[in-house]
Amino acid sequence: MIRKAIALLGALALGAMLVTLARSVPEGQKLPAVIPLPDEGVPFLFLETREKNAFSLPSAFLPDDSGKITTAFSGLRSIFPFLAKAEETAVLFSLKEGRPFVDGVLRFGGDESESIAGGVVPETWNSPLRAGEVSGDIPGLFELKGGPSPLFPLYFCGRNGVTLLGATPGRVKAMAALLEKGSGGLNVSWFLEKRWPNHFMFFDGGILSHAASKKGVSVGPGGISVTAAWKGDLSGGRLKWESEGIEALFSRNLPEKITPVLWDERFLAPEPFIASIGISLPRIPGTAFKNAGAGEWSIQDTVGLGGKELDELSPGPLMVSLGGTGKLLVFSLPGILFQLPGRGAAGTSFAASFWNREWSSLVPAVEKLEGFPAGGTASIPFSIVCAANAEMLRFGVIDGGTLKSEKQIADFVPLMGDEQRAVFWAYLDGPALAEAVRSLARTGKIIEKMGRSSGVDMKTVLRTSEALEKAGILSVVMPSMEKGVFEWKISPSSVKDK
């Protein structure tokens, strides 16, 4: 369940990245509703944007020229520049019988409008797109080619100051008929942040439900829909969304209802605060962890987390952070810290038994952590913390001194201020994580010089760190399973990338 929730958030985060540089504008006249309605049950993503550059995207978030993702999204690099140059867009992406379709109505400005209406892709766009006129019964119809991709070819024509874009000539002709009629196409009344310039609606058509059931997960029927609004500028932006169908879909796997948590001063934010997530967990049977593959990680033998302990410790808030500092022999590395409040006797019992494992013979001494009577900390041969009192259990690979930080979550995630309750939140400092990745790579190289293989691929490390550097600072907060806010701040390197 946790992995599915994070995957969904990852998908929403990617959707937000597609509109990173959108800027806020006042309400104005909407584009004509000429896009044909998608068939019932068809997965689709419908977007309306009212600002040029709404589809601008730093190259860090576009698929590169290698890897499996290129096949699935090979047309994105071509179609985004076309959409990004429009001052207003209404675009429908849909999937029918395994084939992706793109249909839209766009308004370009000035000379660009004349060029597109004449079937000429402006050279100043630096776009791989090429257009050629198509003979037939649709005057002024042009074919748009963008390389080998299931998205292409597309077709477009200029009508009444707008550009009609369709996956087939017939779809363009249908839009032209609706434009002449003046009604009948897809028309959405946005209820979320009406004055924000950009909105989208997503419907998965039951794909997630079908995929989960094929994996043997018991899920409810139906699809998931998401409605969102976003705004932004060159320094960053914010996206809000509301969804329907998530709780109904996974209710069979949740023995207890997930309740919002107050992420207050109980939780430490170790500095440097690189990345973190917080989630409100229901009681999850230990068998569920075993079925998810926990047994393969030897968790029970290593740290004493068996089925009984997992069952007792799972319900309640969980915060996992990459931050502070840790030590492995002579190497200084970022620390990892788990925080579980309110676990009571189960938490103190786990902390006491943690240090009685077979590996603990390598630890010369365990020092007590102030305020935590059970467990403690060690620094040799590497940094370890596992300590608890009746109110909090903390464990991880991190220096005990780091736990003296007075920083709280809201200091890094402003969305968590004002006693904000949430069922899930996440934070990522891209540049800081990039430096941590480079630090780990340097450590790996030193280990290799000592005669040990670290398996570090420096080219992969470099690509990863560059992408993280350009990602900026990202945070997401979900007050409930159905609502959320995503915020991003662009790093200087991302802006230069444009």
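These notebook entries record what I looked up in a predicted model of one protein chain.

**Entry 1. Ground rules**

I number residues from 1 along each chain as its sequence is written. The model is predicted, so I note that local features need pLDDT of at least 70, that side-chain atom pairs count only at pLDDT 80 or more, that totals for chains, interfaces and linings use all residues, and that side-chain values use heavy atoms, with hydrogens and water left out.

**Entry 2. The chain as a whole**

I found 15 helices and 22 strands in the chain. Both are DSSP runs, numbered from the N terminus: helices are H or I of at least four residues, and strands are E of at least two. Of the 498 residues, 47% are buried. I take buried as under 20% relative accessible area, exposed as over 50%, and partly exposed as in between, with a 1.4 Å probe and protein chains only. The chain exposes about 24400 Å², of which carbon and sulfur atoms supply 56%; these areas come from the Shrake-Rupley method with a 1.4 Å probe, and for residues only the protein chains shown count as cover. I also looked up contacts, meaning heavy atoms within 4.5 Å. Among those between residues at least 6 apart in sequence, 66% join residues at least 24 apart.

**Entry 3. Strand 1 and its partners**

With which strands does strand 1 pair? Strand 1 is joined to strand 8 (residues 198–203) by six bridges, and the two run antiparallel. Strand 1 also pairs with strand 2 (residues 88–96), in the antiparallel sense and over six bridges. Pairing requires that DSSP find at least two bridges between two strands. I located glutamate 48 opposite histidine 199 in strand 8 and opposite alanine 90 in strand 2. Five of the six residues of strand 1 are buried, so the strand is largely enclosed by the rest of the structure.

Threonine 49 belongs to strand 1, which spans residues 44–49. Threonine 49 has a relative accessible area of 1% and is therefore buried. Its side chain makes a polar contact of 2.4 Å with the side chain of threonine 89. A polar contact is a pair of N or O atoms within 3.5 Å; within protein, one must be able to donate a hydrogen and the other to accept it, and residues adjacent in sequence count only if both atoms are side-chain atoms. Threonine 49 and asparagine 198 are 149 residues apart in sequence, yet their C-alpha atoms are 4.3 Å apart in space.

**Entry 4. Histidine 199**

**Entry 5. Cores and rings**

I looked next for nonpolar cores, which are sets of buried Ala, Val, Leu, Ile, Met, Phe, Trp, Tyr and Cys residues joined through side-chain atoms within 4.5 Å. The largest has 64 residues, and Ile79, Phe82, Leu83, Leu144 and Leu165 touch the most other members. Another core lies apart from it and has 22 residues, among them Leu92, Cys157, Met175 and Leu186.

The structure holds 16 aromatic pairs. Rings of Phe, Tyr and Trp (its six-membered ring) pair if their centres lie within 6.5 Å; planes under 30 degrees apart count as stacked, over 60 as edge-to-face and the rest as tilted. Phenylalanine 82 and phenylalanine 108 form an edge-to-face pair, at 5.6 Å centre to centre with 70° between the planes. Phenylalanine 82 is in helix 3 (residues 76–84), and phenylalanine 108, 26 residues apart from it, is in the loop between strand 3 and helix 4. Phenylalanine 82 is buried at 0% relative accessible area, and phenylalanine 108 is buried at 5%.

**Entry 6. Backbone exceptions**

Most residues other than glycine have a negative phi, and most peptide bonds are trans. I noted a cis peptide bond between phenylalanine 152 and proline 153, with omega about 5°, and another between glutamate 271 and proline 272, with omega about -5°. Glutamate 97, not a glycine, has a positive phi of about 55°; it lies in the loop between strand 2 and strand 3 and is exposed at 80% relative accessibility.
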